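Please look at the sequence and the 3D structure below before reading on. The briefing is written for a reader who is meeting such descriptions for the first time.

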Amino acid sequence: MSPKRVVFKKVSRDKSLAVYMARRDFVDHCDFVDPVDGVIMIDPVQLKGKKVYVMLSCTFRYGRQDMDVMGVAFRRDLFVVTRQVYPELQDKEKLTHTKIQEKLLRKLGDNAFPFYFEFPDNLPCSVAMQPGPSDVGKKCAVEFEVKAFCAENRDEKIDKQSSVRLSIRKIQFSPDNSQVVPVADTTFEFLMSEKPLHIKVSLPKEDGGIQVGFT
């Protein structure tokens, strides 16, 4: 029996569009990164002639939301790219890159359209600082998001009723058979000692314990 495929679905409040994605974690393999792919299902009647766009963004949030000062938010967009999905600028066949997209397009019908993004080089992976018990608002983090919305043009203010936001993660695993382990070393010299003290700390992957050596 083949494994069951999970598909994430999120629909806008006004039912004008829905986003389907087979995964929300994308692995950085060092030499390449899994592409972001999915399908958008639209309702032409609800769109009322508007266009549909999909945006992939990476944001660095270095302060809480309640720390905003004089309209200056403690966040920075590291990467933002927006593409038009409907009306199509290319044939669906040219925009379909994965098998799951092909299956979703066959199942959802003519009102479904694929989207596809590739991560640029040197983008950080998803990471977040664990908030304390007294912290409120959004945490300090590097966050990735896929946003679909309908508008007359891509620079128009996005209507929350006609938009869908999905948080995704760019993750990285340590190599299974790598012999390289994290190592840090330092040397201290003391006034009353002839020899310096050399400390070396390593973190073996096998047991997760810290090894400290003194020479």
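Predicted model: local features only at pLDDT ≥ 70, side-chain atom pairs only at ≥ 80, totals over all residues.

Residues are numbered from 1 along each chain as its sequence is written, and side-chain values use heavy atoms, with hydrogens and water left out.

**Overall make-up**

- The chain holds 3 helices and 13 strands, which are DSSP runs numbered from the N terminus (helices are H or I with at least four residues, strands are E with at least two).
- Of its 215 residues, 33% count as buried, where buried means under 20% relative accessible area, exposed means over 50%, and partly exposed lies in between (1.4 Å probe, protein chains only).

**Nonpolar cores**

- The largest nonpolar core has 28 residues, and Met-21, Val-36, Ile-40, Leu-56, Phe-115 and Ile-168 touch the most other members; such a core is a set of buried Ala, Val, Leu, Ile, Met, Phe, Trp, Tyr and Cys residues joined through side-chain atoms within 4.5 Å.
- Among the elements that give two or more residues to this core are strand 2 (17-21), strand 4 (36-42) and strand 9 (141-151), and strand 9 gives the most, with 5 residues.
- Another core, of 9 residues, lies apart from this one and includes Tyr-20, Leu-104, Leu-105 and Ala-112.

**Salt bridges**

- The count comes to 5 salt bridges, each being a side-chain nitrogen of Lys or Arg within 4 Å of a carboxyl oxygen of Asp or Glu.
- The side chains of Lys-170 and Asp-28 meet in one of them, at 3.0 Å from N to O; Lys-170 lies in strand 10 and Asp-28 in the loop between strand 3 and strand 4, so the pair ties together parts that are 142 residues apart in sequence.
- Both Lys-170 and Asp-28 are buried.
- In another, Glu-143 pairs with Arg-61, with the closest N and O atoms 3.5 Å apart; because Glu-143 lies in strand 9 and Arg-61 in strand 5, the pair ties together parts that are 82 residues apart in sequence.
- Glu-143 counts as partly exposed, at 26% relative accessibility, whereas Arg-61 is buried, at 7%.

**Cysteines**

- The count comes to 0 disulfides, a disulfide being a pair of cysteine sulfur atoms within 2.5 Å.
- The sulfur of Cys-58 is too far for a bond, because the closest cysteine sulfur, in Cys-125, is 9.7 Å away.
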